[in-house]
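These are my notebook entries on one chain. I went through single residues, then helices, then the chain as a whole.

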Amino acid sequence: MSDAKQPRARRQRSLRESLGSIVLGFELIVVFLGALVLFGLNALPAWAALGGGALVVLLMIAAIGLMRNRIGVVLGWIVQLLVVAAGFLQPAFFIVGAIFTAMWTYCMIVASRIDRNTTDRNNRTEIR
């Protein structure tokens, strides 16, 4: 008998979880750089620009980690609202927010539909 541990099987990720994580990951980079822009343009005090950017980045990291649960999706929507609201500080964020919110919305709707169809198809196959 071997004492070597068998590797655990990886959990199958849903398409919604995968696509949501990808969108939030790219958005995280853009928000980080956007916080640096707000700081560099003196649009906000340093503590507000960098602290607010760090808070949104931390929310994104939490959302990515929690994407398998409903709370991760809710956090993702909150992040989208915050990025669009940052447009009041720097108008370019309206464009960035609109682009990422459109991608987020598309991914959540289409990926959920595909996941649901896949689950239905798998259930029908098991019944036969």
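**Entry 1: serine 21.** I looked up the neighbours of serine 21 and, leaving out residues up to four places away in sequence, found that it touches Arg13, Ile64 and Met67. Contact here means heavy atoms within 4.5 Å. Serine 21 sits in helix 1 (residues 15-40). I noted its relative accessible area as 13%, so serine 21 is buried. The cut-offs I used are under 20% relative accessible area for buried, over 50% for exposed, and partly exposed in between (1.4 Å probe, protein chains only). I also found the side chain of serine 21 reaching the backbone oxygen of glutamate 17 at 2.8 Å.

**Entry 2: source and conventions.** The model is predicted, with local features needing pLDDT of at least 70 and side-chain atom pairs counting only at pLDDT 80 or more, while totals for chains, interfaces and linings use all residues. Residues are numbered from 1 along each chain as its sequence is written, and side-chain values use heavy atoms, with hydrogens and water left out. Helices (H or I, at least four residues) and strands (E, at least two) are DSSP runs, numbered from the N terminus.

**Entry 3: valine 31.** I stayed in helix 1 and went on to valine 31. Valine 31 has a relative accessible area of 7% and is therefore buried. Not counting residues up to four places away in sequence, valine 31 touches Gly53, Val56, Val57, Met60 and Val83.

**Entry 4: helix 2.** Helix 2 (residues 46-65) has 20 residues, and I read 28 Å from its first C-alpha to its last, close to the 28 Å expected at 1.5 Å a residue. The expected span is 1.5 Å times one less than the number of residues. Which residues of helix 2 are buried? I listed Ala49, Gly53, Val56, Val57, Met60 and Ala63. They cover an arc of only 120 degrees around the axis, which puts them on the same side of helix 2. The arc is that of the directions from the helix axis to the C-beta atoms. An α-helix has 3.6 residues a turn, so residues three or four places apart point the same way. The buried residues of helix 2 pack against helix 1 and helix 3. On the face turned away from the buried side I found the exposed residues Trp47, Leu55, Leu58 and Gly65.

**Entry 5: helix 3.** The buried residues of helix 3 are Gly72, Val73, Leu75, Gly76, Val79, Gln80 and Val83. Their arc around the axis is only 160 degrees, which puts them on the same side of helix 3. The face turned away from the buried side of helix 3 carries the exposed residues Arg70 and Leu81. I also looked up isoleucine 78 in helix 3, which counts as partly exposed at 37% relative accessibility.

**Entry 6: whole chain.** I counted four helices and zero strands. The C-alpha atoms fill a box of roughly 65 × 40 × 20 Å along the principal axes. Of the 128 residues, 27% are buried. Among contacts between residues at least 6 apart in sequence, 63% join residues at least 24 apart.

Conventions. Polar contact = N/O pair within 3.5 Å; in protein donor to acceptor, adjacent residues only side chain to side chain.
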